[in-house]
Amino acid sequence: MSKRTAPSRVGALVVFTSLLAAASLSGGESRVALGEMQVASTSPLRHRAGVPWNTTVSVTFDRPLQTSTVNSSSFRVVGRWSGRADGILSFSNGGRTVTLDPNQPFSGGETVSVNLARSIVAADGSPLRSAGYAFQFTVATDLPRSRPTGPLSFSQIDTLVVRTTPGSTTRAYGGLGSDFDRDGWLDLAIVNEDSADLRVFENRADGTGMYHPFLQPPTGIGHVASPNEPGDFNNDGLPDAATANVADNTVSILLGNGDGTFDPQQVVAVGGQPHGLVVLDADGDGDPDIATANTAGNNVSLILNGGNGVFGPATSFDSGGNGEYSLGAGDMNNDGIADLVVGTRNDQLIHVLAGNGNGTFTHVGSRGAGGATWQLALGDVDGDRDLDVATGNGGSNNGAILKGNGDGTLGPAAVVAASGSIVASDLGDLDGDGDLDWILSSFGASRWFVYRNNGAGVMTFEQVFLSPSAASCAVFLDFDNDHDLDLALVDEIADVVLLMRNNQ
């Protein structure tokens with residue numbers, strides 16, 4: 001098939017309103033900086049759920065800004081699936097508040113990350129702290145806000161075939177949704193272990209939720225890749241991707257071209273058997289960095305972004321546990337700095353490592369995972385605006401919810417049974433009631449187990465989706481642009497993806 005040309009992207013336009021770029025005292029003396037500039041408030045609030053998809057994003061500081069230091073590099077707003085939010089930056093409140101009015105709405109149900117770089121400076125010359133500032137919020141789904149009482153309703157609309165030929169396996173073990181061709185519709189990239197490649201299915205962009213066959217040729221990555229994350233690593237407004245390659249002990253970084261294709265991979269060596277991967281700004285410069293959990297290395301690796309999508313060598317450190325396997329990133333202690341959550345499989349613990357904002361982390365504490373953790377997801381499941389942990393526990397035949405206390409510590413694991421080997425844990429608002437529901441993917445039972453949230457973070461078994469051979473993950477994304485969460489269910493033995501439309 002021919003590839004569509006990606007529409008051009010318009011960078012952020014800065015509008016200055018009633019602000020002096022610099023201030024001076026009478027007599028020509030320079031104003032003395034009054035300590036570090038502080039973030040006074042954000043809109044939306046940190047970890048706020050149910051935010052309208054056409055929201056603006058504002059940050060208010062404790063003093064007027066030097067507006068020339070606020071731009072698309074220092075003030076980054078990125079939807080997990082929709083990508084970088086471009087639009088108009090404006091200043092108000094005497095130059096203390098900066099607001100982004102995005103050109104396009106966010107995607108229903110996605111998490112949006114806001115990163116402020118340490119390069120932002122106040123009009124009096126005082127800098128933002130060296131750690132920068134980060135917060136996230138979750139976009140609403142366009143469904144009834146009252147709690148539904150009936151069963152969830154999904155219809156299978158298609159089955160995507162990942163293989164090139166029927167007898168040639170790919171081992172489809174991961175998937176990520178993103179608008180890779182920048183046409184306003186979410187595409188789907190499948191990560192393959194055996195064929196060592198990424199296969200991109202472009203959305204037909206007609207509202208049906210259907211996809212074209214995957215682009216040829218596939219994009220090469222490392223061997224036995226599974227963990228993956230989207231990101232805009234070079235800040236060009238085009239979605240990129242990263243995978244952790246378990247057999248190669250490497251990470252592949254793929255810079256997107258805006259048409260569903262990628263530049264050749266950059267490969268960075270990390271610790272042995274990287275089974276977890278996250279994207280976060282670890283050093284306060286606004287650029288997305290990458291961390292991995294390395295099981296054989298018994299450590300965590302961090303690779304820092306040079307700002308242009310080129311990453312330096314990895315540095316590795318101990319998480320405090322044994323057998324690092326699952327990994328998450330988010331602000332667990334509400335200080336505006338991204339933290340790491342590490343699941344260690346051998347001692348069956350969940351560890352919280354507080355980010356220091358300079359590329360280092362401090363161990364805060366640990367809790368029992370309820371089993372041998374395989375993959376975890378972070379989200380506010382009980383509506384208190386503190387991040388919680390949802391872990392899928394491998395061969396332990398269960399999953400668990402560990403509620404965050406807002407200071408980096410976790411409550412005890414609330415364990416739910418799920419037969420078979422659980423290889424993925426995913427959160428999203430499936431019924432539109434404003435809280436996060438849960439899917440555990442079971443390789444051994446050939447099922448996706450669906451759990452419904454009662455609003456207080458208590459998960460009750462709802463239903464199962466049957467997989468043809470072996471469930472490997474559930475990708476939550478709005479593939480038909482009706483603002484509810486649909487599902488792309490990946491089967492790693494049959495090498496197919498079941499497209500499930502949300503009928504709520």
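I count two strands as paired if DSSP finds at least two bridges between them. Strands themselves are DSSP runs (E, at least two residues), numbered from the N terminus.

I am working on a predicted model, where local features need pLDDT of at least 70, side-chain atom pairs count only at pLDDT 80 or more, and totals for chains, interfaces and linings use all residues. Residue numbers start from 1 along each chain as its sequence is written, and side-chain values use heavy atoms, without hydrogens or water.

**Entry: β11 to β14.** I looked up an open sheet of four strands, ordered β11-β12-β13-β14, with antiparallel pairing. The edges are β11 (172–178) and β14 (219–220); each has a single partner strand, so one side of each lacks a neighbour in the sheet. Inside it, β12 (residues 187–192) pairs with β13 (residues 197–201) over five bridges, antiparallel. Val191 faces Leu198 in β13.

**Entry: β31 to β34.** I found another open sheet of four strands, in the order β31-β32-β33-β34, again antiparallel. Here β31 (422–428) and β34 (459–466) are the edge strands; each has a single partner, so one side of each has no neighbour in the sheet. I traced six bridges from β31 to β32 (residues 437–442). Ile422 has Ser442 in β32 as its bridge partner.

**Entry: cavities.** I searched the whole structure and got three cavities of 30 Å³ or more. A cavity is a set of points on a 1 Å grid over the protein atoms alone where a 1.4 Å probe fits but cannot get out; lining residues have an atom within 4 Å of a point. Points join across faces, edges and corners, and volume is the space filled by probe spheres set on them. The largest cavity has about 80 Å³. Its lining has 13 residues, with Gly50, Thr138, Val139, Asp429 and Gly434 nearest the centre.

Note on methods:
On a 1 Å grid over the protein atoms alone, a cavity is a set of points where a 1.4 Å probe fits but cannot get out, and a pocket is an open set with protein on both sides within 12 Å along at least five of seven lines; lining residues have an atom within 4 Å of a point.
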